[in-house]
Amino acid sequence: MGQVIIPALFLFPTLMLFVYLIYETAKLSREKIRHQFAIDAAVFVEMTNYSDFLNRTAYVNGAFPMRIFDEGFFDTNLDCSMKAGCAGKGPDDKRLWTILCKNGVFPQRNGDCQPRHDDKYGGSDGSWDIRYGGLGSAKNDDASSIDSQTCSPSGKTPCITILTGLEKGDDANAFWLNWDDANAIYKLYVQIYQLLGSVEDAQYSVLMRLAGSGGSGHNFLRKSYWLNTGSDINSAANAAKAFDSGIGNWGLGSGLQYHCYQYVNFYGNKPTGSMFQPWQVYSPVDVPQMASPINGCHGLFQLMTVSDGITGVHKGYPIHDGTLNAARSESQYGSRGVPVNQFWGGEGDKFVVSKNYFNHDFMADFPGGGPTVHVSVAIDGYGSGIRASVWPNPTPKFQVRTYP
């Protein structure tokens, strides 16, 4: 018995040290996994703010005005009886909807200004081909053409003429378009795009308020990390800064751009009181100048665009080379998007890696400030045939995905 007891006195302490080693290792592994899950969730939640903004902007650019003008103008017809060329006009040519569409006033499916009853898009539509037709076709590939569009004969710019009247076959000459109706159409057009502009402005304001900038911003990221780790509320400041530097420039006039009309012109017929020419084509004496209630939009809102450098979408086609979805060359896992590193285990963390049974300071084993967890987060149109885009072909199918 004595021969067993003496070796056991040496063996049991060794076994206990082994048990403590397993215990401390398990604690480190558990905390690393917990912090990894926390940072994954935090950046996903934060990036969702941006994907939501892109999707909502795509709706405001395309689907919303398309449906509004369809509901408001499709069943309104203008009379052209006794006007030259009226006999050659079909029923669809007399629709106010068709007339405005050909003047480039609002976007429509396919941009061909052909009335159809299948303008609803389904889940199987990988791209929504919502485009301007007629005189507005230049806006499809280059939204900045809005900024240089000019109204004749005033020379005002940027300006749009929603009802034409200078030439023989223009709206005010080809239809019985009286002055009161022309004014009503003009006012309704302005009201619609003022509403769309206020919606877009509110969306951008919400994004900026939620996101902020630097370590003091990106509240969703910081608070999500805090809720999942129990660490100090500011413990994710490094991750917030890394996210902020990688997300790109979302400032107005740089990464994001409003395109607005400062002037809106129209034509209509006024009675003259003369039996020889009872009606005459008129336009406002001074082309109406639009108010500018939206910061960064000088006039009446028309479109919001996000730079190709951010979205990686060029003229409606995804190239996947923007800050939101470019491949990470340093990654071995096919990671894309914005890389985020987060230190953990230091002071302020609920779990401090230097406090262990062996009193070993693990912080010193990791150059740069301690152990880190890493994640990359991207926004793109995922799925076969999906071409998410803000403009052109505004398709609200941006989604968030995380990578190792």
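Buried means under 20% relative accessible area, exposed means over 50%, and partly exposed lies in between (1.4 Å probe, protein chains only). The views below show a predicted model, in which local features need pLDDT of at least 70, side-chain atom pairs count only at pLDDT 80 or more, and totals for chains, interfaces and linings use all residues. Residues are numbered from 1 along each chain as its sequence is written, and side-chain values use heavy atoms, with hydrogens and water left out.

**View A. Salt bridge between Glu330 and Arg328.** A salt bridge is a side-chain nitrogen of Lys or Arg within 4 Å of a carboxyl oxygen of Asp or Glu. Here the closest N and O atoms are 3.2 Å apart. Arg328 has a relative accessible area of 27%, so this residue is partly exposed. The structure has five salt bridges.

**View B. Salt bridges of Asp92 with Arg95 and of Arg131 with Asp141.** In the Asp92–Arg95 pair, the closest N and O atoms lie 2.9 Å apart. Asp92 is partly exposed at 32% relative accessibility, whereas Arg95 is buried at 17%. For Arg131 and Asp141 the N to O distance is 3.7 Å. Because Arg131 belongs to strand E2 (residues 130-132) and Asp141 to helix H3, this pair ties together parts that are ten residues apart in sequence. Asp141 is partly exposed, at 45% relative accessibility. Helices (H or I, at least four residues) and strands (E, at least two) are DSSP runs, numbered from the N terminus.

**View C. The largest nonpolar core, with 79 residues.** A nonpolar core is a set of buried Ala, Val, Leu, Ile, Met, Phe, Trp, Tyr and Cys residues joined through side-chain atoms within 4.5 Å. Met47, Leu163, Tyr189, Tyr193 and Trp250 touch the most other members. Helix H5 (residues 179-211) gives the most to this core, twelve residues. Leaving out residues up to four places away in sequence, Tyr189 touches residues including Phe69, Val105, Tyr261 and Gln302; contact means heavy atoms within 4.5 Å. Another core, of five residues, lies apart and includes Tyr121 and Trp128.

**View D. Buried residues of helix H7 (residues 237-246).** These are Ala239, Ala240 and Phe243. They cover an arc of only 100° around the axis, so they lie on the same side of H7; the arc is that of the directions from the helix axis to the C-beta atoms. Gly248 follows H7 and has a positive phi, near 90°.
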